[in-house]
Amino acid sequence: MDDFILRAMLAGTGLALVAGPLGCFVVWRRMAYFGDTMSHSALLGVALAFMLNINLMLGVLAVTITVSLCLLFLQKRGSLSTDALLGLLSHSALALGMVLIAFMSNIRFDLLSLLFGDILAVGMEDVVAIYACAAVILGLMYFLWRPLLASTVNRELAEAEGFNPDVTQLIFMVMMAAIIAIAMKIVGVLLITALLIIPAATARWFAKTPEQMAVLSSLIGIASVVLGLEGSLQFDSASGPSIVVASLCLFLLSLFASRLITGVLGKEQGL
Amino acid sequence: MHLIEMDKVGIKRQGRWLIQNVSLTVNAGEIVTLIGPNGAGKSTTAKTALGVLKADAGSIRRKANLTVGYVPQKLAVDWTMPLTVRRLMSLTAKPAKAEIEAVLEKTGISHLINANVQQLSGGEYQRALLARAILRRPDLLVLDEPVQGVDYSGEIALYNLILKIREELNCGILLISHDLHVVMAQTDTVVCLNGHVCCSGEPQQVAASEAYKQLFGEAASNSLAIYHHHHDHSHLADGTIIPSKGDHGDCCNHG
């Protein structure tokens with residue numbers, strides 16, 4: 001196996017590992033479009049990072065966190081509905097990023113690889129950064145699992161029984177921003193939420209508890225990454241869309257399998 | 001030492017007072033029932049007592065290290081989250097397996113331990129929520145309409161269960177009942193809300209009234225009581241208070 005494929009596989013596996021549990025929360029909290037908004041604004045982060053000559057991941061983190069805080073603030077003010085706010089922030093951030101990139105004619109951007117990911121762009125330092133990030137996020141998830149889950153089920157219940165949902169929410173946002181920053185090179189800003197949602201949705205059919213769903217969606221995510229990257233090499237397609245297509249195939253398969261399972265169980269129980 | 005002491009508490013949202021001048025206390029082993037019409041601020045009062053809503057006026061004192069068990073009025077678990085009754089029990093705490101089995105036995109749903117919460121009936125779900133709340137061994141139990149969706153006989157059984165819990169845990173209970181009619185005779189204090197405290201006192205005083213005995217007989221006062229709601233005032237549509245003639249009792253002081 002070539003080095004660059006190995007790096008891509010390693011990076012993708014690390015990413016899928018974190019995307020599993022995080023994606024479950026995105027699904028449970030109905031935050032799919034929120035994730036989209038954050039990841040679309042990552043492009044603005046890239047542009048700003050180049051303009052100010054700072055680290056790319058830092059730029060992305062800063063912008064995505066700012067955008068998510070803006071959204072929370074605007075939501076509390078309640079002047080526009082949430083979906084309108086999401087659309088407004090998501091597309092203006094994306095457009096702002098594109099315009100800023102156009103201004104910087106001295107730097108050559110590979111826009112397609114930013115939008116849809118590029119395996120060739122994954123270097124060893126990226127792999128290290130991804131695993132460092134993954135370790136921190138998974139550690140946080142482990143320690144915050146109970147408060148995170150409780151405030152997802154019912155915010156007021158969690159607060160009444162001694163948790164602090166505001167703090168948990170803030171940490172969750174930062175974790176989202178971090179995964180977007182590390183996922184950008186592999187799946188691209190337009191497709192990051194797919195990697196969060198599709199494996200979680202696939203895992204839902206087979207899980208009995210939230211914990212099972214989190215672990216299963218990590219595994220399904222890893223399978224999607226491996227299959228997708230193989231396909232990307234085979235067909236010379238961009239890595240991001242290939243991974244998403246692979247996860248879609250797994251989702252469709254699971255749909256079929258779950259029908260089969262409930263069908264068999266139904267017959268056994270005489271339903 | 002009261003578990004909770006609310007003193008002239010007010011909550012204001014968008015320029016409108018949801019509740020105002022609400023004072024109440026809950027002691028260990030005491031059941032305080034909030035009654036009142038829709039929009040009277042019963043849930044708001046309960047959430048303020050819990051600290052979920054911050055008071056805009058007045059003050060709230062809670063006993064230090066108060067352990068709370070809460071059954072909210074609405075708790076819809078999104079169907080995307082796989083959650084069994086067993087897993088629901090350890091949502092905010094880490095109970096032992098035997099404790100979970102014991103509490104489900106007590107609430108009569110031990111056969112549903114592996115069922116998905118989304119597939120429970122209204123009554124079964126309320127029992128599961130109650131089980132989850134008492135599993136925490138709370139000092140204070142806040143029950144926001146715990147019998148919603150429960151049939152009549154189930155309702156009585158659930159109220160009796162709540163009484164048993166009070167005896168076992170010696171916890172204070174803040175109970176919200178939506179309808180004005182049925183309130184436990186064993187409720188120690190009834191607080192009638194309509195944006196403010198209209199009325200509060202022991203239900204026995206009311207249950208002992210002539211009208212009550214005529215309607216239900218003395219035997220009924222042991223399990224269920226009808227709380228008669230004597231107003232010394234009425235409300236205009238905007239909540240303005242109009243005094244009206246009638247007996248006062250220990251009711252109503254709109255300082």
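Visitor: How many residues of chain B and of chain A does the contact take?

Guide: It takes 19 from chain B and 21 from chain A, where two residues are in contact if their C-beta atoms, placed from the backbone, lie within 7 Å. On chain B's side, 11 are nonpolar, 4 polar and 4 charged. One caveat: this is a predicted model, where local features need pLDDT of at least 70, side-chain atom pairs count only at pLDDT 80 or more, and totals for chains, interfaces and linings use all residues. Residues are numbered from 1 along each chain as its sequence is written, and chains are lettered from A in the order in which they are written.

Visitor: Why is helix 9 of chain A called largely enclosed?

Guide: Because 17 of its 23 residues are buried, and buried takes 20 or more other C-beta atoms within 10 Å of a residue's own. Helices here are DSSP runs (H or I, at least four residues).

Visitor: What is the reach of helix 9 of chain A set against?

Guide: Its ends, first C-alpha to last, are 30 Å apart, close to the expected 33 Å; that expectation is 1.5 Å times one less than the number of residues.

Visitor: Where does helix 9 of chain A bend?

Guide: At A:Ala181, by about 30°, the angle between axes fitted to the seven residues ending there and the seven starting there. Just past the helix, A:Gly188 has a positive phi of about 85°.

Visitor: And which residues does B:Val142 touch?

Guide: Leaving aside neighbours within four places in sequence, B:Val142 is in contact with residues including B:Ala46, B:Val68 and B:Leu174.

Methods:
Ala, Val, Leu, Ile, Met, Phe, Trp, Tyr, Cys and Pro count as nonpolar, Asp, Glu, Lys and Arg as charged, and the others, Gly among them, as polar. Helices (H or I, at least four residues) and strands (E, at least two) are DSSP runs, numbered from the N terminus. A residue is buried if 20 or more other C-beta atoms lie within 10 Å of its own, exposed if 12 or fewer, and partly exposed in between; C-beta atoms are placed from the backbone.
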